[in-house]
Amino acid sequence: MATVSVRNVWKEYGAQVVLENLRLEIADHEFVTIIGASGCGKTTFLKMLLGMEQPSRGQILIDGQPIRPEPDPDRGVVFQRYSSFPHLTVLENVMLGLELKWARFAGRLFGGARRAARASALAMLESVGLAHSRDRYPAQLSGGMQQRMSIAQAVICRPKILLLDEPFGALDPGVTADMHQLILKLWAENRMTIFMVSHDIQESFALGTRLLTFDKVRHDPQAPEAYGARVTYDMRLARKTSETRTVGATA
Amino acid sequence: MRRLINQHPGRGSALALGVLPFVVLLVLYVFASQMRLADNPDDKLLPSPATIATTFHNYAFEEDRRSGNVLFWVDTWASLKRIGAALAISATLAMLLAVGIGVVPRLRALLSPLLSTIAMIPPLAILPVLFIVLGLEETSKIALIVIGIAPCVARDLALRVGELPKEQIIKAQTLGASTWQVILRVVLPQLWPRLIDAMRLSMGSAWLFLIAAEAIASTEGLGYRIFLVRRYLAMDVILPYVIWITLLAVLADLALRLLRATAFRWAEPER
């Protein structure tokens, strides 16, 4: 279960208003896609959901509880880059979340617990199609494979909410279509609510069950920073499964 | 004809090019030495290779008549003990400081200005203080090296921690990592290869401070011996000692490079 309530949230940096008065109720197991021009606060919104940044005013609730003001395992994340650990192999990257959870002091597992973690990490790698690369380091993988690994790494911790910050922005179009199938599959298999920031309108329609566009409505030419972005469109879309042909794949 | 920037030597010619300057220097020395000795057979400035070899043999394989020790190895062992202990202490201190400063904002606020200031103290200027406070024995010599290199290594490593992408630290937290676990699984493992780089770079200063400390107050050690025989213009002792120190430094550097390449394969640049 993960419903998200965004209650009158403002984000300001000094005199610069980035987001004004966001009000949203997101149902459980929704796939929210967010688009908008650059600099309109999409990533800031995601950072607030993640706990990296706090709202200047208002509050964000998950399942009725105020979110913790720092990142925690309830909220998984995949960034466009740098979200894997270069010193760990693919398998170790995916195992890390389990090791951190089960070994609070040592930070790593041994013996039977390690074998169990290894087995679930391998199953996860199998399902994202990376089992054959398990002993390679992230630097040896292509961009698409790195993102598969990052997604596996986040999903294995079973977060209530998965935050994706332009995760496929740097990938080739063919690879992106595969990634769409993968993320829809994982979304269907794991009951999580997904927020995905994207700059690709087709992608946002293809994946989302709810599409938000962020834009500045008011604009003062004398003081361009005076007004922030709001949600200008809030569309409910049909639910997709990984079998549905995505728009990206047909285009 | 390709541009100079695009002409790469082969393996063999690269090796030959690398050896060439050494050979040239050696030949120049032998030549100059012969010229001076032809003028004055008692010249001490550029002893002949044969004289150097004889002296070196006496120091490295004969017992000293007065002390009964084989001086060369006694000196080597004394110096290596000092520099080894100092490097180990410096590395440990620097890692602790760098992780604290790099990871915990409160510790950074507390320690960063202090560390920057300490790093600015010219170590040799406080050598007398060390001798007065810690005595003339081993402690003060090791302390000089540690004070000389640990702050710089610590500052360098703290910067490296800061260079870790913020996304990694955030990601670790979303995987449930506590501060301790972030240090243990994310920061420390990525800092080891950088520690090796920093130690390699500070090796030169470490030898400098060792020899300075030994020159001023010591009864054995490579630096002590060089400064002792300086009084007699004994270039036939000084030269092999300098070559030996250089060789030790080169070997230590090589060992650290090998350690980095084998233990931290992920950190090696892609070939």
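Colleague: At what angle do helix 8 of chain B and helix 9 of chain B pack, and how far apart are their axes?

Modeller: Before the answer, please keep in mind that this is a predicted model, in which local features need pLDDT of at least 70 and side-chain atom pairs count only at pLDDT 80 or more, while totals for chains, interfaces and linings use all residues. Residues are numbered from 1 along each chain as its sequence is written, and chains are lettered from A and ligands numbered from 1 in the order in which they are written. Helices (H or I, at least four residues) and strands (E, at least two) are DSSP runs numbered from the N terminus, and axes are lines fitted to C-alpha atoms, for helices over the stretch in contact, with angles running from 0 to 180 degrees between N-to-C directions. Here, helix 8 of chain B and helix 9 (residues 222-229) of chain B pack at about 55°, and their axes are 7 Å apart.

Colleague: Which word describes how helix 8 of chain B and helix 9 of chain B lie to each other?

Modeller: Angles under 35 degrees count as roughly parallel, over 145 as roughly antiparallel, 65 to 115 as roughly perpendicular, and the rest as oblique. Helix 8 of chain B and helix 9 of chain B are therefore oblique to each other. A crossing is called left-handed if the near helix is turned anticlockwise from the far one by less than a right angle, and right-handed if clockwise; for helix 8 of chain B and helix 9 of chain B the crossing is right-handed.

Colleague: Which residues make the contact of helix 8 of chain B with helix 9 of chain B?

Modeller: Two residues are in contact if their C-beta atoms, placed from the backbone, lie within 7 Å. Leu210(B), Ile211(B), Glu214(B) and Ala215(B) come from helix 8 of chain B, and they meet Gly223(B), Tyr224(B) and Phe227(B) of helix 9 of chain B. For classes, Ala, Val, Leu, Ile, Met, Phe, Trp, Tyr, Cys and Pro count as nonpolar, Asp, Glu, Lys and Arg as charged, and the others, Gly among them, as polar. This contact of helix 8 with helix 9 of chain B has 5 nonpolar, 1 polar and 1 charged residues.

Colleague: What is the handedness of the crossing of helix 3 of chain B and helix 4 of chain B?

Modeller: That crossing of helix 3 and helix 4 of chain B is left-handed. Helix 3 (residues 71-103) of chain B and helix 4 (residues 105-120) of chain B pack at about 130°, with axes 7 Å apart, and these two helices are therefore oblique to each other. In helix 3 of chain B, Leu97(B), Gly100(B) and Ile101(B) meet residues of helix 4 of chain B, including Leu107(B) and Arg108(B).

Colleague: How many residues does each chain give to the contact of chain B with chain A?

Modeller: Chain B gives 19 residues and chain A gives 25 residues. On the side of chain B that touches chain A, helix 7 (166-174) and helix 8 (179-216) of chain B each supply at least two residues, and the residues of that side of chain B divide into 8 nonpolar, 7 polar and 4 charged.

Colleague: Is Ser204(A) buried or exposed?

Modeller: A residue is buried if 20 or more other C-beta atoms lie within 10 Å of its own, exposed if 12 or fewer, and partly exposed in between, with C-beta atoms placed from the backbone. Ser204(A) has 22 other C-beta atoms within 10 Å, so Ser204(A) is buried. Ser204(A) is found in helix 6 (residues 201-207) of chain A, and, not counting residues up to four places away in sequence, Ser204(A) touches Thr33(A), Ile35(A), Ser198(A) and Leu211(A).
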